[in-house]
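Biologist: I would like to learn how to read a model of this kind step by step, beginning with the fold and ending with the ligand. Could you take me through it?

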Amino acid sequence: MTRIGIILGSTRPNRNGEQVAGWVHDAASRRTDAEFELIDLRDHPLPHLDEPLGAMHGHDQHAHTRAWAARIASFDGFVMVTPEYNRSTSGVLKNALDYLYVTDAVAEVFGESVRRHVSVYIVGVPAGRSGVGGEVDPPPAG
Ligand SMILES: Cc1cc2nc3c(=O)[nH]c(=O)nc-3n(C[C@H](O)[C@H](O)[C@H](O)COP(=O)(O)O)c2cc1C
């Protein structure tokens with residue numbers, strides 16, 4: 001059966017993302033055509049990226065990398081529940097993705113086989129009216 005991982009992208013105390021991710025998990029689990037599992041980044045306390053080579057080289061050195069990559073590999077798609085910190089995602093989620101990420105440019109060089117094609121859906125957790133997603137302020141005039 002199709003497996004969808006719901007990644008909870010905030011780890012701070014009192015995070016609101018936990019409630020949002022729980023809601024997403026409950027709502028999604030009413031479907032019968034896929035399995036849904038919550039992936040809490042607190043359960044994968046990765047240091048700042050400490051692999052000598054990118055994941056595309058297939059030489060992960062650290063047990064924490066292999067455990068994280070193995071967990072992610074078991075899913076067919078993802079919902080990322082991300083906070084908005086300073087108009088971007090969280091550092092902890094970005095760092096976790098950097099352990100795995102294969103860019104378009106790398107796939108062009110190494111071939112499509114290095115890249116797993118998965119679907120990703122993003123749920124934002126803003127605090128209030130200032131949530132902007134990808135919006136960027138215009139540069140100052142002059
Ligand atoms: C360091 C920090 C930066 C934030 N920056 C933004 C922001 O740029 N835009 C916004 O709408 N909310 C911002 N917020 C509010 C968060 O989106 C809000 O606290 C949300 O609940 C974060 O998710 P979390 O509770 O799961 O950590 C920020 C909060 C923190 C702690």
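Modeller: Let us begin with a caution, namely that this is a predicted model. In strand 2, the bridge partner of G5 is E37, and we shall come back to that pairing once the overall layout is clear.

Biologist: How many helices and strands does the protein chain have, and in what order do the elements run?

Modeller: The secondary structure of the protein chain comprises four helices and four strands, and read from the N terminus the elements follow the pattern β-α-β-α-β-α-α-β.

Biologist: In what order do the strands lie in the sheet, and is the pairing parallel or antiparallel?

Modeller: The four strands form an open sheet in the order 2-1-3-4, and the pairing is parallel. Strand 2 (34–40) and strand 4 (119–125) are at the edges, and because each has a single partner strand, one side of each is left without a neighbour in the sheet. From one strand to the next, the twist averages 20 degrees.

Biologist: How many bridges join strand 1 to strand 2?

Modeller: Strand 1 (residues 2–8) runs parallel to strand 2 and is joined to it by seven bridges, and the pairing of G5 with E37 in strand 2 belongs to this part of the sheet.

Biologist: Which strands does helix 1 lie across?

Modeller: Helix 1 (residues 17–28) lies across strand 1, strand 2, strand 3 (77–83) and strand 4, and its direction makes an angle of about 165 degrees with strand 1.

Biologist: How should I read the nonpolar core, and which residues in it touch the most other members?

Modeller: In soluble globular proteins, nonpolar side chains tend to be buried together. Here the largest nonpolar core has 17 residues, of which I6, I7, L8, V79 and V81 touch the most other members. At least two residues of this core come from each of strand 1, helix 1, strand 2, strand 3 and helix 3 (91–98), with the largest share, four residues, supplied by strand 1. If we leave aside neighbours within four places in sequence, the contacts of I6 include A21, V24 and H25, together with F36, L38, V79 and V81.

Biologist: What share of the contacts in the protein chain with a separation of 6 or more joins residues 24 or more positions apart?

Modeller: Such pairs account for 76% of those contacts.

Biologist: Finally, which residues are closest to the ligand, and how does its shell divide by residue type?

Modeller: The ligand is surrounded by 15 residues, the closest being S10, R15, N16, G17 and P83, and the shell divides into five nonpolar, six polar and four charged residues.

Terms used
Residues are numbered from 1 along each chain as its sequence is written. This is a predicted model: local features need pLDDT of at least 70, side-chain atom pairs count only at pLDDT 80 or more; totals for chains, interfaces and linings use all residues. A residue is near a molecule or strand if its C-beta atom, placed from the backbone, lies within 6 Å of it. Ala, Val, Leu, Ile, Met, Phe, Trp, Tyr, Cys and Pro count as nonpolar, Asp, Glu, Lys and Arg as charged, and the others, Gly among them, as polar. Two strands pair if DSSP finds at least two bridges between them. Axes are lines fitted to C-alpha atoms, for helices over the stretch in contact, and angles run from 0 to 180 degrees between N-to-C directions. Two residues are in contact if their C-beta atoms, placed from the backbone, lie within 7 Å. A nonpolar core is a set of buried Ala, Val, Leu, Ile, Met, Phe, Trp, Tyr and Cys residues joined through C-beta atoms within 7 Å. A residue is buried if 20 or more other C-beta atoms lie within 10 Å of its own, exposed if 12 or fewer, and partly exposed in between; C-beta atoms are placed from the backbone.
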